[in-house]
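I opened the notebook to record what I looked up in this structure. The entries follow in the order in which I made them.

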There are 2 protein chains.
Amino acid sequence: MARKKEYIEEEVIEKAMELFWRNGYESTSVRMLEKEMGINQFSIYASFGNKKGVFIKSLACYKAKAKLELINKLQNSTDGINAIKQYFYDFINFSKESRLNKGCLITNTVNELGEKADQEIMSEIVNFATNVKTLFIEKLEFDNLKTTEIINKQANYLMVSLQGLSVASKMFNQGELDDFIENTFKNI
Amino acid sequence: MARKKEYIEEEVIEKAMELFWRNGYESTSVRMLEKEMGINQFSIYASFGNKKGVFIKSLACYKAKAKLELINKLQNSTDGINAIKQYFYDFINFSKESRLNKGCLITNTVNELGEKADQEIMSEIVNFATNVKTLFIEKLEFDNLKTTEIINKQANYLMVSLQGLSVASKMFNQGELDDFIENTFKNI
DNA sequence: ATTTTAACTAAGCAGACGCTTAGTTATCGA
DNA sequence: TCGATAACTAAGCGTCTGCTTAGTTAAAAT
């Protein structure tokens with residue numbers, strides 16, 4: 001009936017996601033996306049509607065990548081709280097970019113857009129955060145001495161800690177990050 | 001000999017700083033600065049050279065404000081590690097913006113610009129961070145049982161934790177932040 | 001083989017970006 | 001009082017922003 005697309009949406013979105021991850025939302029222009037994705041602006045707008053559309057799909061792509069390379073390992077582990085600690089270490093490698101790191105795309109976005117973030121974007125962020133927190137709670141429940149109240153408090157603690165790790169990995173060295181992780185899990 | 005300035009540089013920089021604090025560096029345009037500072041673009045460029053110049057002065061203004069409203073209290077306290085804990089709580093109020101928070105301008109900048117930050121900006125950031133860490137170390141030394149190695153590790157831990165608090169305060173509620181702070185100081 | 005339809009190319013839209021400059025106004029020393 | 005000088009106003013520079021559109025090309029259905 002008509003011509004075929006010369007690109008695969010999932011493939012070009014992954015390249016867009018990498019760009020957003022390195023540069024942030026506002027600093028990534030449609031011209032930059034055009035070059036990195038290897039397709040014309042017309043194709044970008046035909047496939048994803050607008051710049052925000054590309055970003056929403058990029059967030060989904062980030063989630064999928066994080067799940068595959070990072071979260072599944074945590075989910076499948078039976079090592080309780082040590083699994084969470086390992087997740088912290090794994091995250092550093094996951095977000096590695098040359099010497100320093102590019103942080104977590106979700107944390108980066110919260111930090112850049114804050115409360116003035118678009119509603120659609122914000123709900124993707126909250127959804128991702130909720131998933132991670134749920135997993136933390138699951139692993140913390142391996143210790144049956146803890147009340148659900150303690151577990152929830154500790155999960156909140158770990159969520160904030162993880163965001164600290166995301167930002168700090170952009171300017172602190174491995175030793176300082178190690179100090180952080182070791183201290184974080186000292187009394188949990 | 002010539003005409004007098006109709007504005008005080010320190011006063012208009014404070015308004016610029018508030019704008020950068022809320023919006024970040026890239027998202028704050030010179031037109032926005034013009035309106036918020038209440039002076040013409042010509043005056044901005046005459047006084048501060050360029051947009052980066054305004055930002056550098058804004059960072060200095062932020063430091064001064066933080067020192068006055070936040071850091072001096074920590075510095076003068078003899079309460080050891082409890083003084084640091086109080087500093088964490090004070091920081092939340094310091095960065096309060098309506099219901100949610102605008103974080104720490106320094107942390108926001110690291111997170112936005114990362115390693116591609118201008119050298120002059122980066123050295124301001126590192127300088128600020130070093131000052132805070134030094135204060136943390138001073139307070140941790142109140143406990144004379146600790147070795148300098150332990151103290152340094154704990155200072156690194158607190159520095160990363162503080163960055164976590166900065167980002168998290170943009171999306172988490174007070175209760176969740178309290179959980180974080182209380183748990184953080186359980187580990188010290 | 002021809003028609004239909006969607007994916008492509010490339011040019012261009014209006015507005016915002018950081019920054020500059022020509023021309024005017026106010027304050028100073030002489 | 002007047003010339004010198006710096007601070008002002010406002011218009012505009014070239015470039016980039018997100019997005020659109022007119023015109024062309026390729027693949028499927030008839």
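**Entry 1: the surface near DNA strand D.** I sorted the residues of this surface by class and got 10 nonpolar, six polar and seven charged. I note at the start that the model is a predicted one. I then asked which of the 23 residues around DNA strand D come nearest. They are A:Ser29 and A:Lys51 from chain A, with B:Ala2, B:Glu6 and B:Phe42 from chain B.

Next I looked up the elements behind this surface. Helix H2 (30-37) and helix H3 (41-48) of chain A each supply at least two residues, and so does helix H3 (41-48) of chain B. The largest share belongs to H3(B), with four residues.

**Entry 2: the surface near DNA strand C.**

H3(A) has the largest share, four residues.

**Entry 3: how the two chains are related.** The same surface serves both copies, since 97% of the contact residues of chain A recur in chain B.

**Entry 4: the contact between the chains.** I looked up how many residues each chain puts into the contact: 34 from chain A and 33 from chain B. On the side of chain A that touches chain B, the elements giving two or more residues are helix H6 (105-113), helix H8 (148-168) and helix H9 (174-184). H8(A) gives the largest share of that side, 11 residues. By class, I have this side of chain A down as 10 nonpolar, 15 polar and nine charged residues.

**Entry 5: the nonpolar core.** The largest nonpolar core has 88 residues. I asked which of them have the most contacts inside it, and the list reads A:Ala16, A:Ala168, B:Ala16 and B:Ala168. As background, nonpolar side chains in soluble globular proteins tend to be buried together.

I followed up A:Ala168, leaving aside its neighbours within four places in sequence. A:Ala168 is in contact with A:Leu177 and A:Phe180 in chain A, and with B:Val160 and B:Gln163 in chain B.

Entry 6: I looked up phi for A:Ser98 and found a positive value near 50 degrees, in a residue other than glycine. A:Ser98 is placed in the loop between strand E1 (96-97) and strand E2 (100-101) of chain A. Is A:Ser98 buried or exposed? It counts as exposed, because it has 7 C-beta neighbours inside 10 Å, and the cut-off for exposed is 12 or fewer.

B:Ser98 has a positive phi of about 50 degrees although it is not a glycine. B:Ser98 lies in the loop between strand E1 (96-97) and strand E2 (100-101) of chain B. With 7 C-beta neighbours inside 10 Å, B:Ser98 counts as exposed.

Definitions and conventions:
Residues are numbered from 1 along each chain as its sequence is written. Chains are lettered from A and ligands numbered from 1 in the order in which they are written. This is a predicted model: local features need pLDDT of at least 70, side-chain atom pairs count only at pLDDT 80 or more; totals for chains, interfaces and linings use all residues. A residue is near a molecule or strand if its C-beta atom, placed from the backbone, lies within 6 Å of it. Ala, Val, Leu, Ile, Met, Phe, Trp, Tyr, Cys and Pro count as nonpolar, Asp, Glu, Lys and Arg as charged, and the others, Gly among them, as polar. A nonpolar core is a set of buried Ala, Val, Leu, Ile, Met, Phe, Trp, Tyr and Cys residues joined through C-beta atoms within 7 Å. A residue is buried if 20 or more other C-beta atoms lie within 10 Å of its own, exposed if 12 or fewer, and partly exposed in between; C-beta atoms are placed from the backbone. Two residues are in contact if their C-beta atoms, placed from the backbone, lie within 7 Å.
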